[in-house]
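Q: I'm new to this one. Can you walk me through how to read it, feature by feature?

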Amino acid sequence: MTKTTKKPFSLSLLLTAAFLLIAMYVYCIPVKAATTPAAPKYYFLNVATGGGQKGSATLIEFRSKYYLVDGGPGNLYKGTRDKIKAIVGGTQKITIEAAIVTHNHSDHIGGIIEMVKDTSTFTVKQVYRPKTTGTSVSQNYINELDSACKKVGTAIKPLSIQSMEPLNLGYGVGVRIFGPTLTFNQWKSKYANLNESASRIENNLSMVVKVYTSDYNNNLIILGDLHYEGLKRAIETYSLGSDPICKSLFLGDVKYCVFGHHGARTSSKNIAVELDLYKTYLKADKYIMTCQKTNIAWAENYQKIVNGLGANKILNVTAGKWIVNSTVK
Ligand SMILES: [Zn+2]
């Protein structure tokens with residue numbers, strides 16, 4: 001009678017099973033995010049020294065990195081610089097990862113030119129600006145910006161006519177550029193009936209900048225100096241009759257909206273039409289006006305804007321201050 005022994009459970013089989021289990025655990029669990037989600041801070045700067053309609057500058061802070069959309073006018077640069085220094089704090093040089101110029105008018109591009117030149121305060125790593133312009137005045141600003149960037153080694157990227165161009169600004173911040181959809185001359189001939197000044201056409205050809213961070217419910221849209229004609233065209237181009245993804249990219253999830261043309265108007269005749277565009281399409285939790293109360297172009301429309309959109313939705317930058325998200329500092 002042969003003695004039968006129970007075959008012991010193979011050690012190697014056991015080890016193999018253990019290895020497989022560990023491998024499954026390692027490969028099957030989702031990779032945890034290295035960092036926790038963070039919310040951006042948007043600083044809407046008052047770039048004027050007194051009352052007036054002096055331009056726009058929006059500083060974006062995300063995970064201790066800084067980005068700028070428009071820089072206010074060049075002749076008021078020191079005030080803008082000091083506000084940014086007060087926001088960032090410390091005595092170190094401030095690095096701006098990217099600066100975006102919505103259009104080549106002095107009250108938006110001027111401050112960026114000075115900032116690039118001011119290498120004792122700032123290092124501007126990258127500048128984006130519209131490629132073309134309609135007037136020699138604006139072309140001169142482009143030339144000045146480009147030569148300043150070249151001199152200090154700032155990268156510059158001119159953007160052609162855009163169609164929802166996505167740009168990665170680094171460190172978790174991205175923007176999508178909407179428009180302009182026409183060149184200056186195309187606009188001029190298509191909308192000849194509007195009889196717009198060259199300056200107003202350039203306003204209407206502002207690049208619309210939508211800012212995204214990992215907090216997708218906190219998005220910001222900056223309309224440059226769009227008047228209602230430019231806003232209408234952007235909405236027609238990116239929303240009406242187009243696919244839902246396109247529409248959602250443009251109009252979806254907007255928490256903050258910087259009013260076109262600082263919230264100022266040189267004429268109030270179209271304000272009702274414009275407010276309808278905001279109410280129907282460009283819905284934001286808060287609308288930011290960087291034009292001041294004492295400015296006549298602001299005052300004549302302010303009550304209409306408040307009545308149209310609701311006082312609780314309007315944020316206005318007061319003299320010498322800035323707004324951090326919804327809080328005036
Ligand atoms: Zn402006």
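A: Let's start with a loop: aspartate 253 sits between helix H8 (244–251) and strand E12 (254–258). Its phi is near 50°, a positive value in a residue other than glycine. Keep in mind that the model is predicted.

Q: Is aspartate 253 buried, exposed or partly exposed?

A: For that, count C-beta atoms around the residue: 20 or more within 10 Å is buried, 12 or fewer is exposed, and in between is partly exposed. Aspartate 253 has 14 C-beta neighbours inside 10 Å, so it counts as partly exposed.

Q: Where is serine 64 found, and what is its phi near?

A: Serine 64 is in the loop between strand E2 (57–62) and strand E3 (65–71). Its phi is near 65°, a positive value in a residue other than glycine.

Q: Which residues does a cis peptide bond join?

A: Look at omega here: it is about 0° for the bond between glycine 179 and proline 180, which is cis. Proline 180 belongs to the loop between strand E9 (173–178) and helix H5 (184–190).

Q: What pLDDT does the chain average, and where does pLDDT stay under 50?

A: The chain averages 85, and 81% of the residues score at least 70. Over residues 1–5, though, pLDDT stays under 50, and the model gives them zero contacts beyond four places in sequence. Residues 28–33 are also below 50, with zero contacts in the model beyond near neighbours in sequence.

How values were computed. Residues numbered from 1 in each chain as written. Predicted model: local features only at pLDDT ≥ 70, side-chain atom pairs only at ≥ 80, totals over all residues. pLDDT = per-residue confidence, 0-100. Contact = placed C-beta atoms within 7 Å. Helix = DSSP H or I, 4+ residues; strand = E, 2+ residues; numbered from the N terminus.
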